[in-house]
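I opened the notebook to record what I looked up, item by item. Each entry starts from what I wanted to know and ends with what I found.

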Amino acid sequence: MLERTFISTLKSNPEIVGTQGIVLAVSGGKDSMVLLHLAKRFEHHLPNNVVVATLNHGIRRDALEDVKLVVQCAQNLEFPVIVGSLSPKSFCDENTLRNQRRAFLLDVMNQVKADRIWTAHHADDAVETMVLRLGRGAGLMGATSPKLYDDPWAKPLLTVFSEDIEEFRRRFGVPFREDSTNLLTDYERNKIRLELIPFWSELLGYDVRKTLFSSLTSMSVFREFVEEQGLCLLDQLTVERVPKMLKLRRKAFLSYSRSAQLVLFYLAVKSLKGDIRSRGHLEDAVNCVSKISDRDFGNFALKVNKEIFVVEVL
């Protein structure tokens, strides 16, 4: 039962709840509307400061109807709600929209003085992301499961599958809006969800989502260990750290194996809240450190001299 899994997750991972308040990211879709109703059902386990945030992205003609549903339900459940909007002209691609949505939610969190943002990502999303990243050549660090909590982001439904969410929705009559773009196979993620995973499951005769999620969980144990040890080494290499910038000892960095260099550089960028777009960029960046070559990678920049190299997230 979804409720039992949800409350067990909160009790086992108190960092998900925080202390100052929670911003619920609600789009009007099935998953986030179920999360909204779960928050109301178990609000006695949450801080008093719970706020619903919804964003009118303006991409679809009926996007305003999504917002209206969220506002109406939030008010019926006696949660305050904040609505943001984007100009359709500001939308370029999925990544741009995701970044703008994250910026909006962070702004709401600061505005209401909360310390957590809850999103409705679930186990199916984690599996789809793993398949997508593996198809793009990601390794252990890039393909493992997202975290239940990654300050300030929390995913309390991460261990729940879509059928459990649907069962709860039907049982309690939770209203939602269907995003028509979720049914289009123009997007890679939709192709994985609608075509690849059903075909894969039929071919093997069992639900591959469950086994893939189990593999994700196992891989995450190794990732957490690598990250923990890697961050300790990174601290030893660090000469100076400020927001968006790390200054590191070049010769000490190069004394480690090539594999360790790749992991350490990946963690350096991640620790600055940056992102490395491909394995190729990671390889090129480490080569630049070795060859004493400056380079702008678009989302991060590298400056190198004989003794020191600087990683800056743009």
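**Entry 1. Overall make-up**

How many helices and strands does the chain have? I counted twelve helices and eleven strands. I note at the start that this is a predicted model.

I then looked at overall dimensions. The C-alpha trace spans about 65 × 50 × 40 Å along its principal axes.

Next I took the burial and surface figures. Of the 314 residues, 45% count as buried. The accessible surface comes to about 16500 Å², and carbon and sulfur atoms hold 52% of that. I also checked contacts with a separation of 6 or more: 70% of them are between residues 24 or more positions apart.

**Entry 2. Helix 3**

I looked up the span of helix 3, residues 63-76. Its 14 residues reach 20 Å from first C-alpha to last, close to the 20 Å expected at 1.5 Å a residue.

Which residues of helix 3 are buried? I listed Ala63, Asp66, Val67, Leu69, Val70, Val71, Cys73 and Ala74. Their cover includes helix 2 (30-41), strand 2 (50-56) and strand 3 (81-85). Some of the spacing in that list can be read against a general rule: an α-helix has 3.6 residues a turn, so residues three or four places apart point the same way.

After the helix I checked the backbone. Glu78 follows helix 3 and has a positive phi, near 65°.

**Entry 3. Salt bridges**

I searched for charged pairs next. Side chains of opposite charge can pair when their charged atoms come close. The structure holds 24 salt bridges, and I wrote up three of them.

The first entry is Asp124 with Arg209, at 2.7 Å from N to O. Asp124 is in helix 5 (residues 123-135) and Arg209 in helix 9 (residues 208-237), so the pair ties together parts 85 residues apart in sequence. Are these two partners buried or exposed? I found Asp124 buried at a relative accessible area of 8%, and Arg209 buried at 12%.

I then took Arg169 and Glu166, whose closest N and O atoms are 3.0 Å apart in a salt bridge. They sit three residues apart in helix 7 (residues 162-172), which separates them by about one helical turn. Arg169 and Glu166 are both buried.

The next pair I noted is Lys247 and Glu240, which meet in a salt bridge at 3.3 Å, N to O. Lys247 counts as partly exposed at 26% relative accessibility, and Glu240 is partly exposed at 32%. I also traced a network in which salt bridges with shared partners join Asp124, Glu163, Asp207, Arg209 and Lys210.

In what order do the strands of the open sheet lie? I read the order as 7-8-11-10-9, with antiparallel pairing. Strand 7 and strand 9 (295-296) are the edge strands, each pairing on one side only.

I went through two of the pairings. Strand 7 (residues 238-242) and strand 8 (residues 245-249) pair in the antiparallel sense over four bridges. Thr238 has Leu248 of strand 8 as its bridge partner. The hairpin of strand 7 and strand 8 has two residues between the strands, and there Lys244 takes a positive phi near 80°.

Strand 10 (residues 300-304) and strand 11 (residues 308-313) run antiparallel and are joined by five bridges. Phe300 stands opposite Val313 of strand 11.

**Entry 4. Ala285**

Why does Ala285 count as buried? Its relative accessibility is 0%, and the cut-off for buried is under 20%.

Which residues does Ala285 touch, not counting those up to four places away in sequence? I found Phe265, Phe297, Phe300 and Leu302. Of these, Phe300 is the residue I had already noted opposite Val313. For Phe297 I also took the C-alpha separation from Ala285, which is 8.4 Å across twelve residues of chain.

Terms used: Residues numbered from 1 in each chain as written. Heavy atoms only, no water. Salt bridge = Lys/Arg side-chain N within 4 Å of Asp/Glu carboxyl O. Buried < 20%, exposed > 50% of the residue type's maximum accessible area, 1.4 Å probe, protein only. Expected span 1.5 Å × (residues − 1). Contact = heavy atoms within 4.5 Å. Areas by Shrake-Rupley, 256 points an atom, 1.4 Å probe, with all protein chains shown as cover. Pairing = 2+ DSSP bridges.
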